[in-house]
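Have the 3D view open as you read.

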Amino acid sequence: MPTTLNNIAKQGANGAAMMPIIQGVGRAAIEIAAVLRGAVFRGALGEAGGENVQGEQQQKLDVLSDEIFLEEMRSTGFVCAVGSEEQEELLVIDEYAHADYLVLVDPLDGSSNLDVDGPVGTIFSVVKRETPNDQQPDVSDTLQAGRNVVAAGYVLYGPALMLVCSVGAGVNGYTFNPNDARFELSHPDMRIPETGGYYSVNESNKDKWLDGMGDNLDRMKAETGLGMRYVGAMVADMHRTLLKGGVFLYPADQKNVTGKLRLLYEAIPMGFVMEQAGGKAMSAGQPVLDVEPEALHQRVPVYLGSATNVDALLG
Ligand code: P6P
């Protein structure tokens with residue numbers, strides 16, 4: 001009998017509480033994957049005509065994926081609010097404003113890959129509210145360091161549809177089985193290799209990097225001889241790093257002086273998964289999971305992967 005997402009209920013202290021929320025993520029993933037497959041025939045590719053809070057052009061599918069994800073979080077009955085890359089403010093789920101958990105999400109990560117049929121993803125993390133349940137949740141509930149994360153993971157819309165997640169008891173990968181129309185355990189107890197793999201970075205930004213990161217990368221390349229792979233969607237680059245080893249990095253640069261990637265719904269969930277898989281996740285001078293968030297859409301530098309490679313990179 002295949003192991004399904006129901007198995008999450010047996011994982012660690014948080015599994016039972018997290019299972020319905022991660023099942024909701026799975027339902028959203030299946031719906032979003034179906035929308036992506038048929039998008040070209042419905043004129044759903046391309047830009048929505050607006051910008052998100054980041055000042056980035058929203059793709060039509062960014063907006064649709066955000067709507068699908070929010071609806072599935074609402075239907076769990078356990079989520080009081082969602083902080084989304086696509087929404088400037090925290091979205092309170094009124095009928096469940098008393099519920100215990102908040103979800104932070106990048107609904108469609110790497111959406112600039114859509115027009116070239118490249119891999120994209122969904123990234124999420126779950127935190128327990130700090131405000132009393134009889135009050136409205138507010139953005140302060142989201143501003144918790146990654147050490148407080150209860151569950152986190154990502155969906156990869158690739159040749160296969162995968163959901164990789166942790167509830168604090170290791171990392172498991174589930175692949176959507178079209179024969180059974182459900183996610184089934186395909187990658188139990190994922191651990192990042194200590195050596196090997198690739199370095200993964202948009203090297204075209206190298207001359208603009210801050211903090212001497214260009215020299216650091218040159219030194220690490222010389223010491224390790226790693227090859228390079230870069231997809232331009234964090235989920236795909238993270239997933240390959242998790243499976244093959246190496247290091248993924250997005251340093252601060254003269255254009256993004258605090259970094260490009262978002263702390264709450266990109267760096268922290270990926271850092272949580274990476275640490276749970278035996279890897280390392282650093283930001284500016286400290287572990288990603290120790291950074292104290294100050295704003296919903298805060299950006300940070302990110303260096304994550306095999307501990308030996310992250311240490312070699314950061315010196
Ligand atoms: P660049 C996608 O826009 C994203 O947020 C991440 O998924 C990805 O790692 C990064 O930005 C890519 O940025 O500047 O290399 O296109």
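Start with helix α1 (residues 15–38), which gives four residues to the lining of the largest pocket, the largest share of that lining. Helices here are DSSP runs of H or I with at least four residues, strands are E runs of at least two, and both are numbered from the N terminus. A pocket is found on a 1 Å grid over the protein atoms alone: it's an open set of points where a 1.4 Å probe fits, with protein on both sides within 12 Å along at least five of seven lines, and lining residues have an atom within 4 Å of a point.

Before going further, keep in mind that this is a predicted model, so local features need pLDDT of at least 70 and side-chain atom pairs pLDDT 80 or more, while totals for chains, interfaces and linings use all residues. Residues are numbered from 1 along each chain as its sequence is written, and side-chain values use heavy atoms, with hydrogens and water left out.

Back to the largest pocket: it holds about 520 Å³ of space, a volume being what probe spheres set on the grid points fill, with points joined across faces, edges and corners. Its lining has 20 residues, and L36, R37, D117, Y157 and G158 lie nearest the centre. By class, that's 15 nonpolar, two polar and three charged (Ala, Val, Leu, Ile, Met, Phe, Trp, Tyr, Cys and Pro count as nonpolar, Asp, Glu, Lys and Arg as charged, the others, Gly among them, as polar).

So where does the ligand sit? In the second largest pocket, meaning that more than half of its atoms lie within 2 Å of the pocket's grid points. This pocket has about 450 Å³ of space and a lining of 25 residues, with E56, G110, S112, G232 and K260 nearest its centre. Its lining has seven nonpolar, eight polar and 10 charged residues, and β5 gives the most, three residues.

Now zoom in on the ligand. Around it are 13 residues, of which D109, N202, Y230, M234 and Y250 come nearest (near means a heavy atom within 4 Å). Ligand oxygen atoms lie 2.5 Å from a side-chain N or O of D109, 2.5 Å from a polar side-chain atom of Y230, and 3.2 Å from a side-chain N or O of R262; polar contacts are N or O pairs within 3.5 Å.

Conventions. Polar contact = N/O pair within 3.5 Å; in protein donor to acceptor, adjacent residues only side chain to side chain.
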